[in-house]
Amino acid sequence: ALRRTLAETTNQHVTSACMIALAKIGLDMPDYPILREFRKRLKRGNQEIREVAALSMGITKRVEAIDDLGALLENTNEARKWVGRAKVTDRTRAFAAYGLGLIARGSSDAGVKMRVFELLQRVLLDKNQKDRDITIAVLNGIRLLDPRPELGGSHRRVLWKCLETLEKYQSIPLSKSRQMVQAHAP
């Protein structure tokens, strides 16, 4: 029913609701891989649908979505082709960061958490990255990683890398307006 409704509707709110519901179910059907369906909606003219498509990839908690979300977040040439634009919009990039955090949170694998952390860290520490929404989304993506130090050294390493990066970002001298963003680090 969700698949049929998604194919037939032109209403952005119904489209968004169907994508989120399918993402929460998180399963492919034999002829309907949901990550591919979400990626197709990244080209839509409606900003909300593009944002929800990126977020839905993360809601699935599927590790195979990390590369796609990382490409969106980093505004790669491949991601620009997916969205059919000269650049991935900042808001879509921000939702990709949240999606990455959700995937990491849903995994108990420290390797997955580290992979997501490294994507988020690159954007956070990129001196050319100026958009507040992206920076806040990246900080919250790091918060969502949820490393479990009680599970061993690999998880402790993720935790320490997160803390080290957040402390480094927190110590950068920024303007008053940028300090409002920086305040999300603690």
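This is a predicted model: local features need pLDDT of at least 70, side-chain atom pairs count only at pLDDT 80 or more; totals for chains, interfaces and linings use all residues.

1. Nonpolar core. The largest nonpolar core comprises 55 residues, and those with the most contacts inside it are L69, L72, L73, V138 and I142. Helix α8, spanning residues 110-124, supplies the largest share of this core, with 9 residues. As general background, nonpolar side chains in soluble globular proteins tend to be buried together.

2. Surroundings of L69. Beyond the residues up to four places away in sequence, L69 touches A54, M57, G58, A96, G99, L100 and I103. L69 is also one of the residues with the most contacts inside the largest nonpolar core.

3. Residue I134. This residue is placed in helix α9, which covers residues 132-144. Its relative accessible area is 0%, so I134 is buried, the limit for that class being under 20%. When neighbours within four places in sequence are set aside, the contacts of I134 are L73, D90, R93, A94, V123 and Q129. Of these partners, L73 is among the residues with the most contacts inside the largest nonpolar core, while D90 takes part in a salt bridge with K87. The C-alpha atom of I134 is separated by 9.4 Å from that of Y98, a residue 36 positions apart from I134 along the chain.

4. Cysteines. How many disulfides does the structure hold? The number is 0.

5. Aromatic pair. The structure holds 1 aromatic pair. It is formed by F95 and Y98, whose ring centres are 6.2 Å apart; because their planes stand at 65°, the pair is classed as edge-to-face. Both residues belong to helix α7 and are 3 residues apart, which is about one turn of the helix. F95 is partly exposed, with a relative accessibility of 25%, and Y98 is partly exposed at 27%.

6. Salt bridges around E37. In total, the structure holds 14 salt bridges. One of them joins the side chains of E37 and K40, with an N to O distance of 3.2 Å. Why are E37 and K40 separated by about one helical turn? The reason is that they are 3 residues apart in helix α3, residues 34-40. E37 forms a further salt bridge with R41, in which the closest N and O atoms are 3.4 Å apart. These residues belong to a network of salt bridges that links R36, E37, K40 and R41.

7. Salt bridge K87 to D90. The side chains of K87 and D90 meet in a salt bridge at 3.5 Å, N to O. Are these two residues buried or partly exposed? K87 is partly exposed, with a relative accessible area of 44%, and D90 is also partly exposed, at 25%. As stated in point 3, D90 is in contact with I134.

8. Loop residue T60. T60 lies in the loop between α4 (47-59) and α5 (66-73). At a relative accessible area of 9%, T60 is buried. Its side chain reaches the backbone nitrogen of R62 at 3.2 Å. Apart from residues up to four places away in sequence, T60 touches A23, I34, L35 and F38.

9. Loop residue S107. S107 is found in the loop between α7 (90-105) and α8. Its relative accessible area is 15%, and S107 is therefore buried, since the class extends to values under 20%. A polar atom of the S107 side chain lies 3.0 Å from the backbone nitrogen of D109. Setting aside neighbours within four places in sequence, S107 is in contact with V112 and K113.

10. Side chain to backbone contacts. The side chain of T60 reaches the backbone nitrogen of R62, and the side chain of S107 has a polar atom 3.0 Å from the backbone nitrogen of D109. T60 is buried, as is S107.

Key
Residues are numbered from 1 along each chain as its sequence is written. Side-chain values use heavy atoms; hydrogens and water are left out. Helices (H or I, at least four residues) and strands (E, at least two) are DSSP runs, numbered from the N terminus. Buried means under 20% relative accessible area, exposed over 50%, partly exposed in between (1.4 Å probe, protein chains only). Contact means heavy atoms within 4.5 Å. A disulfide is a pair of cysteine sulfur atoms within 2.5 Å. A nonpolar core is a set of buried Ala, Val, Leu, Ile, Met, Phe, Trp, Tyr and Cys residues joined through side-chain atoms within 4.5 Å. A polar contact is a pair of N or O atoms within 3.5 Å; within protein, one must be able to donate a hydrogen and the other to accept it, and residues adjacent in sequence count only if both atoms are side-chain atoms. Rings of Phe, Tyr and Trp (its six-membered ring) pair if their centres lie within 6.5 Å; planes under 30 degrees apart count as stacked, over 60 as edge-to-face and the rest as tilted. A salt bridge is a side-chain nitrogen of Lys or Arg within 4 Å of a carboxyl oxygen of Asp or Glu.
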